[in-house]
Amino acid sequence: MDVRTPPNATMAGNIAARKRKIEGGTKVKTGCKTCRIRKVKCDEDKPFCKKCVNTGRTCDGYQSPFKVFTSQSINNTHAHAHAIKSVVLSNPIQPTAVKTGHIGIHTDLLNRYFSTKTMFDVKLDCTEEARQVLQASLTERFIRHAILSLRALREDLETAGDDPVSLSQPTPSFQYGLQQYSMALGGLASNLSSLRSNGLNSALLCCQIFISIEQVQKNYAAMAQHVIRGLSIMHEYRARPSIAAVNKLVPAHHDRLPLLDVFVIKLFLAPCKFTDRPVTTSINETTSSACPISSRLQPTESPDLRILAPDMRTQLTRIAGSTLAFLDKVLRVDSIGAALQLLSKKMALLNSLESWLRDLENMQSESGSPHPELISISFLRLFHLILKIVLLGALDFSPGIDAALRTENDRLQSLANNLGEKVRTYVTCSGTAGGVSAPQSLSLVAK
């Protein structure tokens, strides 16, 4: 007997299937804005998805990676400022809006403000980065706010210092610097609802200034957040060419993006013209630490560690110099053959970093010191981890690289959090003990 499906049943089935498809489409929560509106699966290619490009549509981009990050940074900045000032600002200065155009800072001065190391007559090679920032500030108001914040906070540091006494008496310059910083963060967030080419440039340039601002305040946890976010944007939007599949070279973003990784490496690579010095005082004709914390942070019973530490920095700066040369070659690579050759160079640099870390661990083990490591060594660890993250993301756009980078970013954030606490404790104890000169106190900012 021939049993046929009634026409009404077929029509009902088609309607039900179409309804399920529509309902399934409403669950699209990732991808570009255009695909989300159309309720279709997005391939999430950056900066514009292929589905939009191949169908002749305008890809409206993705949610700004700064949207959540900037609000967190504002909260962290104010919390940190409150902690180090230990006062409530009863008469805050009203935020001052800046007009379009020049703001009275030239390239050499901004280059100097980028790092607190320049307070010790260290030359910083970030003139090109300063030029790019100042050029962008002519049209981007939030970048001008960021520059004014950096100038105010840096000048406050140089004139008022960072000992506990000065930190308990906030100056108008300090208040102005924090308010300009908040306006810069808020302005960037409101202008980056979607990251297009100009938005990417602004985000990365602002990130450079934010890193310098947090360095001035010794807020290394927030500084690491800016480093991590900036490097993530560079990798996600392909600031340099990368190998996405076997024998396939993917070109860099069509607009050349600011190279934040180079900027950060230059900050750490600049010479350090100071050493860790424990604060001691004579009590009953015996020498002991004036601050229990500082004595643990700056052990005097490990002379071998002090002698070897400069060698460890020399080795790491040599690797950093080779990393900068490698990154420049990656930027200029134009064939898959050349890219594959650079991959072997990348692995050699990563191996050098692992070897450096083993040497450091062996050095500390052989010293036999029961005390926590020197602050200067902790800064070297931070530099080492930043170099590793930069190298891991170079040329690599494989499926597993994002998970690897997240793991290393978490380690970097944890290390920066601990380092910030250690530095703040040391500065507080050193100032309480008395007899600490301004250069000794300020030198910790310049690591």
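Predicted model: local features only at pLDDT ≥ 70, side-chain atom pairs only at ≥ 80, totals over all residues.
Let me start with T323, which is found in helix α14, helices being DSSP runs of H or I of at least four residues and strands runs of E of at least two, numbered from the N terminus. At 0% relative accessibility T323 counts as buried, where buried means under 20% relative accessible area, exposed over 50% and partly exposed in between, with a 1.4 Å probe and protein chains only. Leaving aside its neighbours within four places in sequence, T323 is in contact with I265, L349, L387 and L391, contact meaning heavy atoms within 4.5 Å.

Residues are numbered from 1 along each chain as its sequence is written, and side-chain values use heavy atoms, with hydrogens and water left out.

Staying with α14, which covers residues 303-332, we also find R332 there, and at 59% relative accessibility R332 counts as exposed. The C-alpha atoms of R332 and P241 are separated by 8.1 Å, although these residues are 91 apart along the chain.

Now to confidence, given as pLDDT, the predictor's confidence in each residue on a scale from 0 to 100. The chain averages a pLDDT of 75, and 67% of the residues score at least 70.

Next, helix α7. Its 20 residues, 141-160, should span 28 Å at 1.5 Å a residue, and the end C-alpha atoms are 28 Å apart, which agrees; the expected span is 1.5 Å times one less than the number of residues. Just after α7, G161 takes a positive phi of about 80°.

Helix α6 (residues 127-137) packs against α7 at an angle of about 125°, with the axes 7 Å apart, the axes being lines fitted to C-alpha atoms, for helices over the stretch in contact, and the angles running from 0 to 180 degrees between N-to-C directions. The two helices are therefore oblique to each other, since angles under 35 degrees count as roughly parallel, over 145 as roughly antiparallel, 65 to 115 as roughly perpendicular and the rest as oblique. The contact is made by V133, L134, A136 and S137 of α6 and by I143, R144 and I147 of α7.

Finally, how many aromatic pairs does the structure hold? There are four, where rings of Phe, Tyr and Trp (its six-membered ring) pair if their centres lie within 6.5 Å, and planes under 30 degrees apart count as stacked, over 60 as edge-to-face and the rest as tilted. One of them, Y181 with F210, is tilted, at 5.3 Å centre to centre and 55° between the planes. This pair links distant parts of the chain, with Y181 in helix α9 (residues 172-191) and F210 in helix α10 (residues 197-216), 29 residues apart. Y181 counts as buried at 0% relative accessibility, and F210 is buried with a relative accessible area of 0%.
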